[in-house]
Amino acid sequence: LKPGFAFLFLSLLGNLGLLFFFKYFDFAAGLFNSAMKAGGLELTVPALGLLLPVGISFYTFQTLSYTIDVYRGNLPVERSFGRFSLYVTFFPQLVAGPIVRASEFIPDIQKGIYHFLPDATDFNYGVFQFLGGLLKKMLADWLAFGLIDRVYENSSMFTSAEALIVFYAYGLQIYGDFSGYTDMAMGSARLLGFRLTDNFNRPYQSASISEFWRRWHISLGSWFRDYVYISLGGNRSLVLRNLFVTMFLAGLWHGAGLMFIGWGIYHGFFLILERYLGQGKADGNAPGLGLGSTEGFSWTRIPRQILTLHLVLLGWVLFRSHNLDQFMEFFSTIGNMKWAIPNAKPMYIAVVVLAYMYHLSPVAWREKAADLWNRQKLAVQISLTFVLLTGLYQISVQDVQPFIYFQF
């Protein structure tokens, strides 16, 4: 063992112990009690009913990245408690990511906070990115309130067509909700002069599940790759086992529930299958090839993109369902062959279609829009912001819709 392993062990024990205590204790106690009852024993562990600290999974992983990188020799020890505290508690991304690595943040703040004073470009881009994230979040809430939540609460009350619309709409909701928070976090940080790493790269353009995980929640996927998958042996030995364990833990990270674990195993199965078939490694080297790209268009990639999108959407039903009965009821509704849409307004369908069309567009278009925004005069920017906020107010829902990833 390397020198300092005892300190690494204590850090892992403390951080993961707190995470287990607050997030997984009641879940583990429930499984234990069920096992004892099935075995005819009356031994039970009482549930604690603790409130889950918001964002605990995110800042736990951030602090672990520091500890592990220092142990591996990839990062020098940070002697300033103030700088370390700023890294851990940096408020824009504290509760729902992206998961910022210590090696990406601490070396820069060692140069001095004055290093991060924003210029006009930073400020303009930060406002643009924040407004874009707000738009995503508001549309996600509108989609949820308009049909998604009602269908998942009682799928049998709706038609096949409405359930199928929700099948596609939830993919947009969870993407808009999570990437919307990320954009607002990155925009807020940019206003302060900090540049955080991107967390999404048009994930529904992926042509394999392997590529999807290089585009979706990039900071989490890379964290599990570097600190779990590689630590287990990576590509050196027992690759399929390493993939399974990594995705099992990724599913468990998302929530203390069997459906989250099932979702992780579902993705792990396809990652294993793609690795066994030798697929997925080359995907994503040229982001956007196929649908949504104006450069390097490839017809052969389109069928794989369509297949991958539907595999991901199928997984989202597993992710969204509270239990297996709800999951089966949802697809039973799709199979009832009733194609009327009394509960889905044409505007709702139009937004779903337009949102997917936007998502399949090249990322370069977003950068061009940001540059265009940056070139506008202040009066024009203020006017456009007022129009956007007024429009968002019109579609705002009455009930507070917390960010989906706040629960993780």
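This report looks at aromatic rings and their partners in the predicted model shown above.

Local features here need pLDDT of at least 70, side-chain atom pairs count only at pLDDT 80 or more, and totals for chains, interfaces and linings use all residues. Residues are numbered from 1 along each chain as its sequence is written, and side-chain values use heavy atoms, with hydrogens and water left out.

Let's start with the rings. A search of the whole structure turns up 42 aromatic pairs; rings of Phe, Tyr and Trp (its six-membered ring) pair if their centres lie within 6.5 Å, and planes under 30 degrees apart count as stacked, over 60 as edge-to-face and the rest as tilted.

Y175 belongs to helix α6 (residues 160-191) and W216 to the loop between α7 (209-215) and α8 (218-232), so their pairing ties together parts 41 residues apart in sequence. Helices are DSSP runs (H or I, at least four residues), numbered from the N terminus. Y266 and F270, by contrast, are four residues apart in helix α10 (residues 258-277), or about one helical turn.

How buried are these residues? Buried means under 20% relative accessible area (1.4 Å probe, protein chains only). Y175 is buried at 8% and W216 at 0%, while Y266 is buried at 15% and F270 is buried at 15% as well.

The charged end of K23 sits over the ring of W253, 5.4 Å from its centre, and R202 lies over the face of Y358, 4.8 Å from the ring centre. Such a contact requires NZ of Lys or CZ of Arg within 6 Å of the ring centre and within 35 degrees of the ring normal.

Conventions
Helix = DSSP H or I, 4+ residues; strand = E, 2+ residues; numbered from the N terminus. Buried < 20%, exposed > 50% of the residue type's maximum accessible area, 1.4 Å probe, protein only.
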